[in-house]
Amino acid sequence: MARTLRSDLQGKEQLEITPGQTVGPFFAFGTVYPKMHEVVFPHSPGAIVLSGIVYDGAGAPIPDALVEIWSADPDGNIPRGRGSRRRDDHTFTGFGRSATTDEGRFEFWTVNPGSVDGEAPFYAVAVFARGLPDKLMTRIYLPDDQEKLDADPFLSSLTPEERATLIATRLPNGYLRHDIRLQGENETVFLEF
Amino acid sequence: MTSAESDPTGEEAFSSSVIVEQTAVAPEQLLASADMPPQSQINQEIADLHAEYGRREAAGEKLRATMYDFPPYRSSILRHPTKNPKLVDPETIELWSPAYGQRDVAAIEADLTLQHRGEPQGERITVQGRLLDSWGRPIPNQLIEIWQANAAGRYIHQRDQHPAPLDPNFTGAGRTITDDNGEWKFTTIKPGPYPWKNHINAWRPAHIHFSIFGSGFTQRLVTQMYFPGDPLFALDPIYNTIRSQKDRDRLIGQYDHDLTVPEFSMGYRWDIVVDGPDSTWFEPEGEH
């Protein structure tokens with residue numbers, strides 16, 4: 001799409017938006033595809049596992065959720081490589097999708113995103129589930145650069161409890177762990193743009 | 001691993017012997033609501049909530065098109081956030097979308113009637129439209145995925161318990177990439193209404209699930225397209241999670257006789273408009 005100056009759009013009439021609906025119970029056969037959670041080839045240099053559990057308001061794991069991540073590469077470049085849906089096992093497309101298991105677990109093979117424009121690095125995340133009437137957007141921040149996390153204007157606007165729901169845990173093997181709670185105690189902070 | 005192996009001293013056994021690891025139930029066990037109310041009660045709950053949203057909006061509150069907290073859709077009760085989403089400026093990666101292209105999808109994947117040896121049962125239809133951003137600009141080269149029940153209202157998903165026939169010639173999933181004008185088109189079978197266990201005698205209006213990528217990740221959309229004149233609209237809690245009639249109407253594909261192919265298929269048109277900013281909103285580098 002051609003770039004449009006923001007000023008050119010001002011005053012232009014906007015179209016009405018198509019509203020969202022739940023992904024429903026039987027999304028797997030329409031959305032699941034080979035290697036969809038392999039943003040990078042497993043065990044390739046720099047590859048890590050990012051995993052977690054999606055919980056409902058009663059603390060029960062949600063077995064029919066769909067989690068998507070989208071991030072910069074380790075150098076902080078926005079990926080423009082094609083092929084998220086048909087992996088060639090070397091192009092970094094930045095996008096991954098994971099349907100939760102019967103135990104509510106999602107999992108990605110990916111890399112640590114680099115900082116873009118000096119900001120605290122994060123994965124952009126979309127969450128869908130049966131019973132969830134519309135998508136939820138959130139972020140998973142890397143826990144490693146405390147200085148950048150402290151300096152982040154958005155994170156700074158949150159309470160420590162809220163902030164904690166957005167920052168992943170680094171495991172001893174270098175992998176990342178991050179749970180998503182749709183409701184209740186330690187409810188994940190979700191975003192609207 | 002038993003507790004004896006993980007805790008050789010047995011200390012933890014004293015303090016936490018009652019903690020039994022929760023075993024997840026089979027997902028289909030979760031599909032039925034706990035109370036199974038009659039349709040009349042669901043109708044009343046929907047009407048009450050829509051009236052309440054109308055009052056809140058009249059009082060100046062800004063509400064989303066789709067309500068997260070909508071108890072008539074029983075499985076949403078424990079799955080919706082209770083806090084308002086934080087309004088943030090999208091940053092860097094969020095203003096871009098994964099780059100898709102023709103290499104990601106074969107052209108034949110947009111025709112759900114050609115995936116098996118024979119022709120599927122049911123009413124052959126085409127559904128087509130444009131993918132636009134809110135400024136009316138077409139979004140090319142983006143992925144649209146669809147999935148649906150067959151003509152009898154049965155999903156191929158193994159957890160679907162509806163005792164309607166499977167169709168050996170119909171899977172019900174397809175995908176396509178929008179062209180340079182943001183146009184997309186699917187050939188498929190009109191899905192049947194689908195019974196579910198939200199309440200007694202609960203039936204979903206016939207629908208096709210759509211998953212859509214815009215030009216920014218903020219614009220990511222999963223929704224459902226319905227068919228004109230369905231008598232189940234007013235009875236369906238999922239359709240009515242969208243609180244206003246004009247927004248609900250936006251999910252109904254329009255019958256278009258010009259798209260109907262003689263002796264072959266019925267034609268529907270449905271344009272999709274995604275919300276939210278993307279990278280093209282911003283002034284190019286060096287021209288600030």
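Which strand of chain A do two bridges join to β1(A), and in which sense do the two run? The partner is strand β9 (residues 180–181) of chain A, and the pair runs parallel. This is a predicted model. It scores ipTM 0.95 and pTM 0.92. The points below cover confidence, the contact between the chains, the strands, the core and some single residues.

**Confidence**

- Chain B has an average pLDDT of 90, and 89% of its residues score at least 70.
- Residues 1–18 of chain B are an exception in confidence: their pLDDT is below 50. This stretch has five contacts in the model beyond near neighbours in sequence.
- Residues 283–288 of chain B also stay under 50 in pLDDT. Here the model has four contacts beyond four places in sequence.
- Where pLDDT is low, the predicted coordinates should not be read in detail.

**Contact between the chains**

- Chain B gives 79 residues to the contact, and chain A gives 72 residues.
- On the side of chain B that touches chain A, the elements giving two or more residues are β1 (86–87), β3 (143–148), β8 (207–212), β9 (221–226) and β12 (272–274).
- That side of chain B divides by class into 43 nonpolar, 20 polar and 16 charged residues.
- Strand pairing also crosses between the chains: strand β10 (residues 191–192) of chain A pairs with β1(B). The sense is parallel, over two bridges.
- Within this pairing, E192(A) has L87(B) as its bridge partner in β1(B).

**Chain B: overall make-up**

- Chain B contains four helices and 12 strands.
- Of its 288 residues, 41% are buried.
- Consider the contacts in chain B with a separation of 6 or more: 73% of them join residues 24 or more positions apart.

**Chain B: the four-stranded sheet**

- Four strands of chain B make an open sheet, in the order β4-β3-β8-β9. The pairing is antiparallel.
- β4 (173–177) and β9 of chain B are at the edges. Each has a single partner strand, so one side of each lacks a neighbour in the sheet.
- From one strand to the next, the twist averages 20°.
- Five bridges link β3(B) and β4(B) in the antiparallel sense. In this pair, I146(B) stands opposite G174(B) of β4(B).

**Chain A: partners of β1**

- Strand β1 (residues 48–55) of chain A pairs with strand β4 (residues 105–110) of chain A through six bridges, in the antiparallel sense. V49(A) stands opposite W109(A) in β4(A).
- β1(A) also pairs in the parallel sense with strand β8 (residues 176–177) of chain A, over two bridges. The bridge partner of L50(A) in β8(A) is L176(A).

**Nonpolar core**

- The largest nonpolar core has 94 residues. V54(A), V125(A), F128(A) and I212(B) are among those with the most contacts inside it.
- Strand β5 (residues 122–129) of chain A gives this core its largest share, seven residues.
- Leaving aside residues up to four places away in sequence, F128(A) touches V23(A), A65(A), L66(A), K135(A) and V222(B).
- In soluble globular proteins, nonpolar side chains tend to be buried together.

**Single residues**

- Y73(B) sits in the loop between α3 (39–58) and β1 of chain B. Is Y73(B) buried or exposed? Y73(B) counts as buried because it has 27 C-beta neighbours inside 10 Å, and the cut-off for burial is 20 or more.
- Beyond residues up to four places away in sequence, Y73(B) touches P133(A), N198(B), P237(B), I238(B) and T241(B).
- Y73(B) and P191(B) are 118 residues apart in sequence. Their C-alpha atoms are 21 Å apart in space.
- D89(A) is a residue other than glycine with a positive phi, near 70°. It lies in the loop between β2 (65–70) and β3 (95–99) of chain A. D89(A) has 11 C-beta neighbours inside 10 Å, so it counts as exposed.
- D117(A), in the loop between β4 and β5 of chain A, also has a positive phi, near 55°. With 8 C-beta neighbours inside 10 Å, D117(A) counts as exposed.

Methods:
Residues are numbered from 1 along each chain as its sequence is written. Chains are lettered from A and ligands numbered from 1 in the order in which they are written. This is a predicted model: local features need pLDDT of at least 70, side-chain atom pairs count only at pLDDT 80 or more; totals for chains, interfaces and linings use all residues. pLDDT is the predictor's confidence in each residue, from 0 to 100. Two residues are in contact if their C-beta atoms, placed from the backbone, lie within 7 Å. Ala, Val, Leu, Ile, Met, Phe, Trp, Tyr, Cys and Pro count as nonpolar, Asp, Glu, Lys and Arg as charged, and the others, Gly among them, as polar. Two strands pair if DSSP finds at least two bridges between them. A residue is buried if 20 or more other C-beta atoms lie within 10 Å of its own, exposed if 12 or fewer, and partly exposed in between; C-beta atoms are placed from the backbone. Axes are lines fitted to C-alpha atoms, for helices over the stretch in contact, and angles run from 0 to 180 degrees between N-to-C directions. A nonpolar core is a set of buried Ala, Val, Leu, Ile, Met, Phe, Trp, Tyr and Cys residues joined through C-beta atoms within 7 Å.
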